[in-house]
Structures are given as structure tokens and as C-alpha cells.
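Dear colleague,

I am passing on the structure we spoke about, and my notes on it follow directly below. Please read them with the coordinates open beside you.

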Amino acid sequence: ALLFMRARRRDDGSEDPDFVLNRPQFRSPGILVTGRNFGAGSSREAAVWSMLANGIRVIVARSFADIYRENCLQNGLLPIVLAPADAEHFEQRVLAVDGAASFTVDLTTQRISGPGGSDIVFDLPAADRMRLLEGLDDIGVTLKHLDDIQRWEQRMADEQPWLQQAYDRRV
């Protein structure tokens, strides 16, 4: 796997058993818990695709690099930012369990549940939530308004017909 390859491998190419995702209980995490400014330097969509290819569907962080966060949303990966106090408490819970029990993220209720405490509520803008729940990228969001777009196109054709035909006079 190319995901975190430099951290996952030793200089000789062998797997580093101390890297968290190389530990048996974290080989298929589903949820990645990380720190601040996650995704900085990883603005290409391939970074998000690598997460998805490795079964990661949710990243819980203290903050995200803007471009990375947008790429997550475009590709169906849920980026969750927790408030500082919630993030600290959640990280402690995750470390205490050490992969022996699982956590669940519910996008519909915007809650994280799991062992060691009560549910944690997270915020996500309504448009981002809708996009993820409906599996839409920018084109899909735009196509939700196809009827409006077609009505506007027809109105413009009726009101300004001279704009509808453009001829290349160079030919």
C-alpha cells in the first residue's frame, strides 16, 4: 500500500511494526484519527483515493488543509473536525481502547459513538452533509438543479436569440 509509505516502511523497504497502521488491530481502520492541519502537502486527489482504497471512510482531525478537505468531500470521504476539548477526549478514548473495540460515525445524526464515554456531536455544513449522504460531487450537485438550468437556458434563448448561434466566420 502506498498510504503513508514513507512512515510505514523502514529504509530497507521492510514494514515498520511500530507504525500504527501496520499493527494488526489497525490494518483496516475505517476511521482515521489524526491531529492538526491534516492533509497539508497532500492536495492531490490521489491522497484521498489512497485513503478510500485502504478502507478509510472517515478522518477525525483537529483541522484539515483546505484543499485536502475539499477533495475528501468531492470523493465521499467524511472529514470531521472536533472542537479542541472533544478532540482531546476522543483521542484519549481511542488510545485507551487500542483497537480492541470499535467506534461508529453516524453522518445522519452527526455523532461519534463508542466505548469510554458518551456520544460526541460534530458539525458539518448542511451542503457537505447532503453531498456525502447522496453521494454527489460538484457535477452531481449541479445536476440536482437541471430543470432550473434548462428553464433558464430556454428563457435566455427566447429573450436573447442573437446569443444562441455563434458562427465561426474564419471558416
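Strand β1 (residues 31-33) is joined to β2 by three bridges, and the two strands run parallel; strands here are DSSP runs of E with at least two residues, helices are DSSP runs of H or I with at least four residues, and both are numbered from the N terminus, while two strands pair if DSSP finds at least two bridges between them. Along this pairing, Ile31 stands opposite Val58 in β2, and Val33 stands opposite Val60 in β2.

Please keep in mind that this is a predicted model, in which local features need pLDDT of at least 70 and side-chain atom pairs count only at pLDDT 80 or more, whereas totals for chains, interfaces and linings use all residues. Residues are numbered from 1 along each chain as its sequence is written, and side-chain values use heavy atoms, with hydrogens and water left out.

β2 also pairs with strand β3 (residues 78-81), again in the parallel sense, over four bridges, and here Ile59 stands opposite Pro79 in β3. Between β2 and β3 the chain passes through helix α3 (residues 66-74), and this β-α-β crossover is right-handed, meaning that, with the strands pointing away from the viewer, the path from the first strand over the helix to the second runs clockwise.

Taken together, the three strands form an open sheet in the order β1-β2-β3, with parallel pairing. Its edge strands are β1 and β3, each of which pairs on one side only. Neighbouring strands of this sheet are turned by 20 degrees against each other on average, direction ignored. In a regular strand the side chains alternate between the two faces of the sheet. In strand β2 (residues 58-61), Val58 and Val60 point one way and Ile59 and Ala61 the other way, and all are buried (buried is under 20% relative accessible area, exposed over 50%, and partly exposed in between, with a 1.4 Å probe and protein chains only).

As for helix α3, its buried residues are Tyr68, Arg69, Asn71, Cys72 and Leu73, and what covers them includes α2, β2, β3 and α5, where contact means heavy atoms within 4.5 Å. The axes of α3 and helix α5 (residues 126-134) come within 9 Å and cross at roughly 40 degrees; such axes are lines fitted to C-alpha atoms, for helices over the stretch in contact, and angles run from 0 to 180 degrees between N-to-C directions. That makes α3 oblique to α5, since angles under 35 degrees count as roughly parallel, over 145 as roughly antiparallel, 65 to 115 as roughly perpendicular and the rest as oblique. Arg69, Leu73 and Gln74 of α3 make the contact with Asp128, Arg131 and Leu132 of α5.

Finally, some backbone angles may deserve a look. Asn37, in the loop between β1 and α2 (45-53), has a positive phi of about 55 degrees although it is not a glycine, and Asn37 is partly exposed, with a relative accessible area of 41%. Gln110, in the loop between β4 (104-106) and β5 (111-113), likewise has a positive phi, near 55 degrees, but Gln110 counts as buried at 14% relative accessibility. Just after α3, Gly76 takes a positive phi of about 85 degrees.
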